[in-house]
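Please take a moment with the structure below. We will go through it step by step, one part at a time.

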Amino acid sequence: MRTLSLSTLAVAALVSGCGAMAPATGGKAPTGMKVTSTAFADNTVIPAEHAGVGDCGGKNVSMPVAWTQLPVNAKSVAVLLSDPDGALGLGVSHWVAYNIPAERGQLKANETGGFTVGTNVAGATAYRGMCPPVGDHPHHYVLTVVASDLAPGALPAALTRDALLAALKGHALGGQSVVGLYSR
């Protein structure tokens with residue numbers, strides 16, 4: 001049985017109960033947010049190019065991510081990439097991106113403009129490619145999009161994952177994730 005890290009539980013707590021989706025029409029229930037990546041399907045292997053450079057096996061290319069069916073009042077989104085298996089189960093934050101206009105609908109691979117990049121596990125304001133220990137079982141990389149009622153640009157630069165989650169408390173409208181696997 002896999003244990004979830006504290007950071008994964010924090011995201012779950014943040015977006016739980018945030019089901020303020022678009023009103024149902026024609027008697028149909030709302031379908032909720034949808035998050036996808038053209039790099040991998042849910043619960044499949046992430047291509048190596050998204051891993052860290054050197055011994056990690058990749059090119060440090062950030063993952064493409066797209067979102068649809070956001071809650072009605074969503075003004076911005078945050079994108080988080082974390083490895084709940086990393087740091088001996090305490091989790092590793094690889095990417096913190098926010099102040100992204102909700103209507104944008106996507107971030108392309110290696111895209112860097114028009115949004116704020118927060119601080120990753122290494123203390124850098126950048127995407128940090130995956131790099132699990134050699135021989136570990138494949139790690140689970142959770143790519144999450146959180147919709148909020150905050151205007152793009154409302155949050156300060158260089159937030160860590162934890163600081164971003166704290167800033168989104170009371171402003172998150174919903175969230176969804178796609179999970180990929182990577183090992184070396």
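Cys131 is partly exposed, with a relative accessible area of 32%, whereas Cys56 is buried at 12%; buried means under 20% relative accessible area, exposed over 50%, and partly exposed in between (1.4 Å probe, protein chains only). This is a predicted model, in which local features need pLDDT of at least 70, side-chain atom pairs count only at pLDDT 80 or more, and totals for chains, interfaces and linings use all residues. Residues are numbered from 1 along each chain as its sequence is written, and side-chain values use heavy atoms, with hydrogens and water left out.

A disulfide, meaning a pair of cysteine sulfur atoms within 2.5 Å, joins Cys56 to Cys131, with 1.9 Å from S to S. Cys56 sits in the loop between β2 (44–45) and β3, and Cys131 in the loop between β7 (116–117) and β8 (139–148), so the bond ties together parts that are 75 residues apart in sequence. Helices (H or I, at least four residues) and strands (E, at least two) are DSSP runs, numbered from the N terminus. The torsion about the S-S bond is about -80 degrees, so this disulfide is left-handed.

Now for the sheet. Three strands form an open, antiparallel sheet in the order β1-β3-β6; two strands pair if DSSP finds at least two bridges between them. β1 (34–36) and β6 (106–107) stand at the edges with a single partner strand each, so one side of each has no neighbour in the sheet. Between β3 (residues 65–68) and β6 there are two bridges, and Ala66 stands opposite Gln106 in β6.

Finally, look at helix α2 (residues 161–168), whose buried residues are Arg161, Leu164, Leu165 and Leu168. The face turned away from that buried side carries the exposed residues Asp162 and Ala166.
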